Amino acid sequence: MRFYDVIETLKGGYLSGHGSSLMDAHTELPIGYDRYIALTNAGIIELYKRFLIRKEEVVIQCVKGVERYPIRESSKYIDGYVMVGEINAILEIYDDEGKLCTINNLDNTNAKPKGDGYGINVTLQAHNVLGVPKDYAGTLRIIYKAGGAPMHTKGDAGAYLDPYEVFIDLPNMYMEALCLYVASRMYSVLSSNAPRGQSTNPIQMFSQMYEAECQALKAQGADRDLQRDPADSFTMKGFV
């Protein structure tokens, strides 16, 4: 998905009567271009939190006597890979024998364990902090719901890149939801004094349209976990 396509969809549709649809004669970019960037990046974060768009994994080494393990993007992991995106939620954990671990004494996968049962129980002390039994020594393979990357809109010299060359880290099926998210926030930014209780108010209208589009995406299976192994994930094979 290109940033250019999002801007053109908004200018020609949802924001066609809005001041931000006009072009700046000097920069040849839409008026309020910084708002387009900020709100699109906010929309990317929101959609990655709302939907299971990408799964990633890291492998950590646990040692006896250590019970608390923060999972951070700055950490180095023994599988040799860096974290692709921030952790939105931990989905599955496997011990060094390949057994599915329970998380807070629950099986989040709703799948029957293989072999002779579950591995250790891991507690979530925070969304990215694991608690393990004090006597456990071994690896943990952690599969998590990853966040999306913000757009890179400026070049090395600090000037804005052509929106056509700026890519958004989302599959195209989320274009409508992203545009509706931006439209609802664009009106709320510039129309803070507008009466919010009226059904014709653009803030409320676009917010309702955004929620309806998200529900439609869920009904179409956008939030369904069809790939259990990140080895075949969106990151390696591309979005489908």
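Okay, hi everyone. Before anything else, keep in mind that this is a predicted model.

Let's start with charges. Side chains of opposite charge can pair when their charged atoms come close. How many salt bridges does a search of the whole structure find? The count comes to seven, and I'll walk you through a few.

Take glutamate 8 and lysine 11. Their side chains meet in a salt bridge, with 3.3 Å from N to O. The two sit three residues apart in helix α1, which covers residues 3-14, so about one helical turn separates them. If you're wondering why that spacing is handy, an α-helix has 3.6 residues a turn, so residues three or four places apart point the same way. Lysine 11 has a relative accessible area of 18%, and buried means under 20%, so lysine 11 is buried.

Next pair: arginine 50 and glutamate 211. Their side chains form a salt bridge too, at 2.7 Å from N to O. This one links distant parts of the chain, since arginine 50 belongs to helix α2 (residues 33-50) and glutamate 211 to helix α4 (residues 202-219), 161 residues apart. Glutamate 211 is partly exposed, at 36% relative accessibility.

Then there's aspartate 169 with arginine 54. In this salt bridge the closest N and O atoms are 2.9 Å apart. Where do the partners lie? Aspartate 169 is in the loop between β7 (138-146) and α3 (175-190), while arginine 54 is in the loop between α2 and β1 (55-62), so the pair ties together parts that are 115 residues apart in sequence. Both partners are buried: aspartate 169 has a relative accessible area of 19%, and arginine 54 has 7%.

Which residues of α4 are buried? They're Ile203, Phe206, Tyr210, Cys214 and Leu217. Look down the axis of α4 and those buried residues fall within an arc of 80°, so they line one face of the helix. Just after α4 you reach glycine 221, which takes a positive phi of about 90°.

Seven of its nine residues are buried, so β7 is largely enclosed by the rest of the structure. What does β7 pair with? There's β1, joined to β7 by eight bridges and running antiparallel to it; lysine 55, for instance, has lysine 145 in β7 as its bridge partner. There's also β3 (residues 87-95), again antiparallel to β7, with seven bridges. In that pairing isoleucine 90 partners tyrosine 144 of β7.

Last stop: an open sheet of four strands. The order is β2-β6-β5-β4, and the pairing is mixed. Which strands are at the edges? Those are β2 (68-70) and β4 (102-103), each pairing on one side only. On the β2 side, three bridges connect β2 to β6 (residues 129-131) in the antiparallel sense. Tyrosine 69 stands opposite leucine 130 in β6.

Conventions
Residues numbered from 1 in each chain as written. Predicted model: local features only at pLDDT ≥ 70, side-chain atom pairs only at ≥ 80, totals over all residues. Heavy atoms only, no water. Salt bridge = Lys/Arg side-chain N within 4 Å of Asp/Glu carboxyl O. Buried < 20%, exposed > 50% of the residue type's maximum accessible area, 1.4 Å probe, protein only. Arc of directions from axis to C-beta. Pairing = 2+ DSSP bridges.
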